[in-house]
Amino acid sequence: MLPFGNTLRAIRLAFKSLLLHKLRSGLTMLGIVFGVFSVIAMLAIGEGASAQAQQQVLALGATNIIVLSVKPPADSAQASGGGRGRSFGLQYGLLRSDYRLLRGLPKIVGAVPIREIFSETRYLQKTPNARVVGCTSQYPDMNHLTMQRGRFIADADEDKLLNVCVLGAGIAAELFPFEDPIGKAVQIKTYRYEVIGITQERTASAAIGGSMSGQDYNKDIYIPLKTFQVRIGDRVATAQAGSFSAEQVELNQITIQVRDQKDVLPTAEVIKESLARTHAGKKDWDVVVPLELLRQADQIRQIFNIVLGSIAAISLVVGGIGIMNIMLATVTERTREIGIRRALGARRTDIVQQFLTETIVLAGAGGLIGVLMGLATPVAFEGIQWVVENFVLDSGTQNSPLSKMFTDMHPKINWFSLPIAFGISVGIGIIFGIYPARAAAYMDPIEALRHE
Amino acid sequence: MRLAAQLIDLQKHYHLGEHTVMALRGVSADFPEGDYVAIMGSSGSGKSTLLNILGALDRPTLGNYILAGYDVGSMSDDELSEIRNRRIGFIFQSYNLIAQNTVLENIQVPMLYRRDARRISAADEHRCLDLAEKVGLGERLDHRPFQLSGGQQQRVAIARALVNDPEIILADEPTGNLDSATEKDIMNLLTALNNEGRTIIIVTHETSVARRAKRQIVMKDGLIERDGMLLTEDGK
Ligand SMILES: Nc1ncnc2c1ncn2[C@@H]1O[C@H](COP(=O)(O)OP(=O)(O)OP(=O)(O)O)[C@@H](O)[C@H]1O
Ligand SMILES: [Mg+2]
């Protein structure tokens, strides 16, 4: 529409007249500054939260399908438990035959059966509680575990029913604060197991839905599954509050891996159908698909972004109204100047351009400052986290999942949001600038000249 | 002789609710190129209204205003702007400089609104400096209006009126706010412009000012009462 040189001159003029009223221009700009800042900050926090969720889900493996044993609700438990004989206690969950069945399904490249109990462990005077996991040699690959020292359980250990164990980094430090654990023997229940390796530290995975509790891999002790079956057995008795209960579970979990992400969902369906058939409708199992959780997390992220973005957008609109208000006052104040310019030959479009440029420069400068402030979001958020950690959370709530989620979260600036937020601020300048600019342009020049 | 402007039975009405004010009720006059006219008359007789129409700031309600061969009454707002920019130079009683601009910038304003050459070239800059020199303000280019006396401000306005080289200079009581010595300086400037061949139309209450013109028009109640060489430089 206008030659470039003109636009540049118009912008320079706009700056000049805005600088005439520095305080007023600055205050007017604040609305846009904080609007843009909050858009960027909100998006960064939403992005950070979703990145956190995504990371936790990815830790479960995007090509993995997790099949879990689920304890049936209490009333149905009585019925099935009674049916199988009181002496065995409650029997439920995945069977070794399920593992053999699932392992044979097409597209599956790996399957790890797991049996776990919580038990006291002992080395000399140290008796920490740990999660004892019976598993096979494929376990570290599927759970992104790496060895710090020694080796993991091998197939040969299983075949020979060896009493060997691998310690998580945390439990190793607890049992052996001063000694080298390798070669020492840890007692679990009635047997002693020789330590053959220690795993690298690994961040805990999050609790997913209702079916998977979060896993702190650092407190795990791994032993060969067959050894588990023979030495510890399927049946676990717990005595609590005077009553005695027993459970009989063959496998707690089967982690299945498919070759390709596109095979995940169809294979999960096949698994569900197979288990529904073999368990005869008894719902003592569940299938968790991390990939699906990833999709859900992504949707939640989008919802978050839209909601947070909209809230921030409201402050931008408020900022725009502030600008419009000031521009209307400016136009009234400069009525005389408008009359002079019109008398000297300015067209209406020239006046519109002059005032619109001023509004856009004001909003754009505010947007630019807001973007710069937005870049500081991570630092600002760290400050908030520090305040929350030191003044809001006490030792009781510090480790709750929610507060952990908050304190572990890092805002992630979405680089797209920077030009977009700046563009929106310029757009706000245009939208809220047009009315005052037109009001200026459509004044009667003679009356404008007479204005005091 | 070519006409710079021609008024044919010009009327201007203002509607104030029920009431209609007839500010001009049928004014006809010819303004040959190079003319120097003073418009006089009592307050409210329609002098400013007439001058605003002559300056293409306003359109007549009835009748025709022919400026350089064009009928101004039928022009669009943009065309009126162009006429004002190209062909008219305004000088106001209250100077009407832009407060935040320097002397030089004020002189340049009409150049910003030229249709063809909006960029201010080196030649344009030179022309502005020459004009400032001509009105005696060569030393004060960087001053702002509030740093100048009334007479100096009016000189800036005159330089600004000349910058696009207009055929007609319109002045509404240009010396109304000035003392008699400064009035004389300003009128000397206007006379010099007329001697260059520019048409000058000036509204005034002062006979001392009107006497400098070649021709006087006296208005009364929206009509021309008398028109001709009513006053001469030397006495009545
Ligand atoms: N915008 C307007 N609306 C209504 N009436 C107007 C308007 N402008 C001028 N008038 C009326 O038109 C008449 C002529 O006014 P004008 O300003 O032309 O007088 P003038 O001769 O310039 O007077 P003065 O010497 O006091 O400046 C007056 O009665 C005035 O009230
Ligand atoms: Mg008047």
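Select helix α11 of chain A together with helix α12 of chain A, whose crossing is right-handed. In this predicted model, α11(A) covers residues 335-343 and α12(A) covers residues 348-375, and the two pack at an angle of about 140° with their axes 10 Å apart. Angles over 145 degrees would count as roughly antiparallel, and α11(A) and α12(A) are therefore classed as oblique to each other. To see the contact itself, show the side chains of Glu337(A), Ile338(A), Arg341(A) and Arg342(A) on α11(A), and those of Arg348(A), Ile351(A), Gln354(A) and Phe355(A) on α12(A). Coloured by class, this contact of α11(A) with α12(A) shows 3 nonpolar, 1 polar and 4 charged residues.

Stay in chain A and select helix α2, residues 22-59, with helix α15, residues 417-441, which pack at an angle of about 150° with their axes 10 Å apart. Because angles over 145 degrees count as roughly antiparallel, that is the description that applies to α2(A) and α15(A). The crossing of α2(A) and α15(A) is right-handed. On the α2(A) side the contact is formed by Ile32(A), Val36(A), Val39(A), Ile40(A) and Leu43(A), while α15(A) contributes Ser417(A), Leu418(A), Ala421(A), Ser425(A) and Ile428(A). By class, the residues where α2(A) meets α15(A) comprise 8 nonpolar, 2 polar and no charged.

Leu104(B), Ile107(B), Gln108(B) and Met111(B) of α3(B) make the contact with Asp124(B), Glu125(B), Arg127(B), Cys128(B), Leu129(B) and Ala132(B) of α4(B). The residues of this contact between α3(B) and α4(B) fall into 6 nonpolar, 1 polar and 3 charged.

Finally, centre the view on ligand 1, which lies between chains A and B. Which residues are the closest to ligand 1? Of the 15 residues that surround ligand 1, the closest are Ser43(B), Gly44(B), Lys47(B), Ser48(B) and Thr49(B). An N or O atom in the side chain of Thr49(B) is 2.6 Å from an oxygen atom of ligand 1. For Gly46(B), look at the backbone, where a polar atom is 3.0 Å from an oxygen atom of ligand 1.

Key
Residues numbered from 1 in each chain as written. Chains lettered and ligands numbered in written order. Predicted model: local features only at pLDDT ≥ 70, side-chain atom pairs only at ≥ 80, totals over all residues. Heavy atoms only, no water. Contact = heavy atoms within 4.5 Å. Helix = DSSP H or I, 4+ residues; strand = E, 2+ residues; numbered from the N terminus. Nonpolar A, V, L, I, M, F, W, Y, C, P; charged D, E, K, R; others polar. Near = heavy atom within 4 Å. Polar contact = N/O pair within 3.5 Å; in protein donor to acceptor, adjacent residues only side chain to side chain. Axes fitted to C-alpha atoms, helices over the stretch in contact; angles between N-to-C directions. Parallel < 35°, antiparallel > 145°, perpendicular 65-115°, else oblique. Left-handed = near helix turned anticlockwise from the far one by under 90°.
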